[in-house]
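I opened the model to look up a few things. My notes follow, chain by chain.

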Amino acid sequence: MDFASMAKYTPLFVEGLKVTVQISFVAVLIGVVVGLVMALFRLSSIKILSWFANMYIQIIRGTPVLVQLYIIYYGTYPLFGFNIPPYIAAIITFGLNSSAYVAEIIRAGIQAVDYGQMEAGRSLGMPHGMVMRYIIIPQAIKNILPALGNEFVVLIKETSVVSIIGTADLVRQADIIKAATYSHFEPYIIIAIIYIILVIGLSSVMDRIERRLKQSDYR
Amino acid sequence: MIIVKDLHKKFDKLHVLKGINQEVKKGEVVVVIGPSGSGKSTYLRCVNLLEQPTRGEIFIDGESLTQPKVNINKIRQKVGMVFQHFNLFPHLTIIDNITLAPMKLRGLSEKRATELAKHLLNKVGLIDKINNYPVQLSGGQKQRIAIARALAMEPEIMLFDEPTSALDPEMVKEVLSVMKDLALEGMTMLVVSHEMGFAKEVGDRILFMDDGLVVEEGTPEKIFNNPTHPRLKEFLSKVL
């Protein structure tokens, strides 16, 4: 094993780390925004909205992310007549993919809030939306956050498949270094360690946020 | 103040209310008693449309709740409700539990809302809990806060849905005493309760419900000392 010879490839690892973090971060943002909308659609009393959200979630959860990536990357040309860069395809794929899981996490979190809370709010004369905003959602966040943190961790690791379409993420960089040095082992050990550090860092941030939100649970 | 005409409620095939005709006058304290499953709570919950009636009409202050264009949020502001399980907002402090609705709905400034909340907390004897969270309170204290929260909307009517049923016995008294004070101040109250002592002492009128109907009603004196309906006699023999 020769980790010393890896030192000169540091810029490539750093570049790969940047891309992995960027894809994950933007995908998470898209996932949360689209996921929240889908969750509210699913809980909506308007039939067409809940039907649409349900279909959306079923399709995304029912297909492998790699297939989704191929469809979005290779599908834009036949459908719209232009190609998109692999990087953009990766962000869209993981954003949409994550949104389906996030939608289910948010829906479950909202439904886990005792129905008595809605009744108490409504009985004071507050409209449905106001009760949601000031009473239900703040409590639902406490249910949602741990599962959401978990979803982010999964997402960071899953983005490794984007190397297949040539996105220059951590795995892609390790592939390049492997080809250049004939070292089949060291580059992957290094990116494995980088992934672990990312995940542990993210988990500790989530823990801290959760602890702050638990304030009202203490006696 | 409250007029109920031919009120029916069905849950699928279950016929819970089978035609209630009632009137509650301003300042009156009406206590609804009866066995579980008789429809007491459903009746109460229909009065602020937490349950949608299947048939019949309900009027609050002359306004019909059952006509399609009703602004139920406006009417609910006039009708406070206290639940069996308190339903305080666990993520808010006591003061925020009380001030949220008046600030959002009645447009009170934070200062005015805080003054009002302090006044109410003094009234229910819990001013020292102002910055606590609900989880730090006993059941009886939670229910007194729930009453204060409802009163902060300055309602004309208060509905109580078995307010002491989820409490340890030693905490029942503190809640009933707050309710009694409220009754003495002239609040119009509709109370579903198993507290026969409270019904006797504070109630102006008692309704005995059985199987979706009010089968006997009258003053506490009449209901408890001269019951006529066989189901009421049977019920009283079990609870007294």
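Predicted model: local features only at pLDDT ≥ 70, side-chain atom pairs only at ≥ 80, totals over all residues.

I take helices (H or I, at least four residues) and strands (E, at least two) as DSSP runs, numbered from the N terminus. Residues are numbered from 1 along each chain as its sequence is written, chains are lettered from A and ligands numbered from 1 in the order in which they are written, and side-chain values use heavy atoms, without hydrogens and water.

**Chain A, overall.** I counted 8 helices and 0 strands in chain A. The C-alpha trace of chain A spans about 70 × 50 × 20 Å along its principal axes. I then checked burial (buried is under 20% relative accessible area, exposed over 50%, partly exposed in between; 1.4 Å probe, protein chains only). Of the 219 residues in chain A, 43% are buried. For contacts I used heavy atoms within 4.5 Å. Among the chain A contacts with a separation of 6 or more, 73% join residues 24 or more positions apart.

**Ser45(A).** I found Ser45(A) in the loop between helix 1 (10–43) and helix 2 (47–61) of chain A. Ser45(A) counts as exposed because its relative accessibility is 76%. I also took the C-alpha separation from Ser45(A) to Ile197(A): 43 Å, for residues 152 apart along the chain.

**Chain B, the sheet.** Two strands pair if DSSP finds at least two bridges between them. In chain B, 4 strands form an open sheet in the order 2-1-4-5, with antiparallel pairing. Strand 2 (14–24) and strand 5 (63–64) of chain B are at the edges, each with a single partner strand, so one side of each has no neighbour in the sheet. I looked at one pairing: strand 4 (residues 55–60) and strand 5 of chain B run antiparallel, joined by 2 bridges. Phe59(B) has Ser64(B), in strand 5 of chain B, as its bridge partner.

**Asn87(B).** Is Asn87(B) buried or exposed? Asn87(B) counts as buried, because its relative accessibility is 7%. Asn87(B) sits in the loop between strand 6 (79–82) and helix 3 (94–105) of chain B. I listed its contacts, leaving aside neighbours within four places in sequence: Asp114(A), Gly116(A), Gln117(A), Ala120(A) and Arg149(B). The side chain of Asn87(B) reaches the backbone oxygen of Gly116(A) at 3.2 Å.

Notes: Polar contact = N/O pair within 3.5 Å; in protein donor to acceptor, adjacent residues only side chain to side chain.
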